[in-house]
Amino acid sequence: MMPLLSVRGVTVRFGGLVALNTVSLDVREGEIHGLIGPNGAGKTTLFNAVTGLVRLAAGQVLFHEHSLAGLRPAAVAALGIARTFQTPRVFRALSVAHNVEAGLHTRTREGMLDAILGTRVSARERARTRAVVRDLLAFAGLADRADAQAGSLALADLRRLEIARALAAEPRLLLLDEPASGMDQADMREMMAMIRRVHDRGLTLVVIEHNMQVMMRLAERITVLDHGVKIAEGAPEAIQRNPVVIEAYLGRAAPVA
Amino acid sequence: MTALLDLMFGPYALTLLILVSVNTTLAASLNLITGYAGQVSIGHAAFYAIGAYAAGLLFKTFGWGFWLTLPSAALMSFAAGLVIGAPSLRVEHDFLAIVTLGLGLVVQGLALNLEFTGGPYGIAGVPRISAFGREFGLWGYAATGVALAAVTLLVVYRITRARPGTALMAVREDPLAAEVIGINTSRYKILAFATGALFAGAAGSLYAHYATFVGHDSFGLGTSIAIMSMVVVGGLGRLWGPVVGAVLLTLIPELIRFTAAYRMFLYGLLLVVTMRYMPQGLLGALAQRKPR
């Protein structure tokens, strides 16, 4: 079966630094794919390469048989790839509900003239927008914060909001960059439950996570990066026993428990 | 009492109303660009100039009156906004401020030095507005001005409460996040820039047919800074902010006579005080006082 996302020999350079070195990786439709590696391994850079935020020096990325080469991030998003950031990037001065509404951009058509003239496109879309926003806020447990300014939310709520905003675009693939970092145990458990509920909606997920125990329980397959190179790929149990992986973690930086 | 009525409806008051409505139109159009889309422009007078010169030249070339020059000047200004916006909006923040500053100077310099713009003599003899065979008096101009300002505000209102407005505000808040959720940030920046230019151009046409003269010195850096001051003092990204700003900054130098000579000084002072004590402008400060 054709993988949903296929990263093929991707190299990314920042000046003299090789952040990703001919990395290849297939993500199957419907799976939760873990991406781990010590700090500076290139995990976030791989997300940036897929979403069009950095230029590839070599290689290509295929999404559902479309080449993503040369597409601007907005075009990648329109094809059905959404992501979150390690430090949540919400629209701080806008309300929580308005943030989710912004996420509907690729699913709606209303243009400047529709808005100014109040066409039927506007009226039809707005009713749907309100319903989708309400559902997603409920899904993310943010219904009671709908009118709060997004900038006033605590970290766990910001992460949930970012996921709700991403889901508004009805993506097929969601890339989560350390969704549980900096959280306490309770929030972390809640986030894991939310990720599973997102998966249950039929999305394919790639998750970056430092916490190995979390990753072992969440992911079906794991890819390990180190210094921009893929050093292992496989089922969680196999990854845990893989001597190369253990060396990468213990030899240079201790795993964050 | 008669003195008050005179002040309220006399020629002087009507003249002030015309100035306020032109300034409101300019400030509301800049508010779309800077307040909602977050793109700082200190060259907005360039589009005011393009509208005014377009009106003057269309009259001189084709003998067109206001009702034809208004839409043409607005559309030409919109086109200029698209053409100038595309390269300018590739830069951000302080760089964009400098680029738009340069843009304002270039347009004014061209107006002063080109032959077809009348150079230092400008374009004189632009006809007054007339309808049904009658020339407009102050009442007619005041009504036209208020209507233009109202349409501008209505358009800004309708854009900002709909999908395109959400996209603009997302671009302002975090351009990278906006792009990643599928908003073509370049497209929306340029659209905001050109739409703002369109209404500044319309204001330029009204001004040309009101002053019956178009000269380069009405459209300099001082004018751009005055428009920006109105938006900032009233409240960036707030629908009524430009109205409050335009009323205050137009009327203070007029009504408190001794301040007129220090107009730019006054604007500068208001900018400093606003940024220091209420960076969200007067309306922003008022909104924060209300308990949520």
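Reader: What makes H3(A) mostly covered?

Author: In this predicted model, eight of the eight residues of H3(A) are buried. A residue counts as buried if 20 or more other C-beta atoms lie within 10 Å of its own. A:Val96, A:Ala97, A:His98, A:Asn99, A:Val100, A:Glu101, A:Ala102 and A:Gly103 are buried, and H3(A) is therefore called mostly covered.

Reader: What covers the buried residues of H3(A)?

Author: The cover includes H5 and helix H6 (155-168) of chain A, together with H7 of chain B.

Reader: How do you know which residues of H3(A) and H5(A) meet?

Author: Two residues are in contact if their C-beta atoms, placed from the backbone, lie within 7 Å. On the H3(A) side these are A:Val96, A:Ala97, A:Val100 and A:Glu101, and on the H5(A) side A:Thr129, A:Val133, A:Leu136 and A:Leu137. The residues of this contact divide into six nonpolar, one polar and one charged.

Reader: What describes the packing of helix H3 (residues 96-103) of chain A against helix H5 (residues 120-139) of chain A?

Author: Two packed helices are described by the angle between their axes and the distance between the axes. For H3(A) and H5(A) the angle is about 115° and the axes are 9 Å apart. The crossing of H3(A) past H5(A) is right-handed.

Reader: How many residues does each chain bring to the contact between chain A and chain B?

Author: Chain B brings 22 residues and chain A brings 27 residues. On the side of chain B that touches chain A, two or more residues come from each of helix H6 (138-160), helix H7 (163-173), helix H8 (175-180) and helix H9 (185-211) of chain B. H7(B) gives the most, with seven residues. That side of chain B divides into 13 nonpolar, four polar and five charged residues.

Reader: Why are strand E1 (residues 5-14) and strand E2 (residues 17-27) of chain A said to be joined?

Author: Strands pair if DSSP finds at least two bridges between them. Seven bridges join E1(A) to E2(A), so the two strands count as paired. They run antiparallel, and A:Val10 stands opposite A:Val23 in E2(A). E1(A) and E2(A) form a hairpin with two residues between them. A:Gly15 in the turn has a positive phi of about 60°.

Reader: What makes E1(A) and strand E4 (residues 58-63) of chain A a pair?

Author: The cut-off is at least two bridges. E1(A) and E4(A) are joined by five, so they pair as well, and they run antiparallel. In E4(A), A:Phe63 is the bridge partner of A:Leu5.

Note on methods. Residues are numbered from 1 along each chain as its sequence is written. Chains are lettered from A and ligands numbered from 1 in the order in which they are written. This is a predicted model: local features need pLDDT of at least 70, side-chain atom pairs count only at pLDDT 80 or more; totals for chains, interfaces and linings use all residues. Axes are lines fitted to C-alpha atoms, for helices over the stretch in contact, and angles run from 0 to 180 degrees between N-to-C directions. Helices (H or I, at least four residues) and strands (E, at least two) are DSSP runs, numbered from the N terminus. A crossing is left-handed if the near helix is turned anticlockwise from the far one by less than a right angle, and right-handed if clockwise. Ala, Val, Leu, Ile, Met, Phe, Trp, Tyr, Cys and Pro count as nonpolar, Asp, Glu, Lys and Arg as charged, and the others, Gly among them, as polar. A residue is buried if 20 or more other C-beta atoms lie within 10 Å of its own, exposed if 12 or fewer, and partly exposed in between; C-beta atoms are placed from the backbone.
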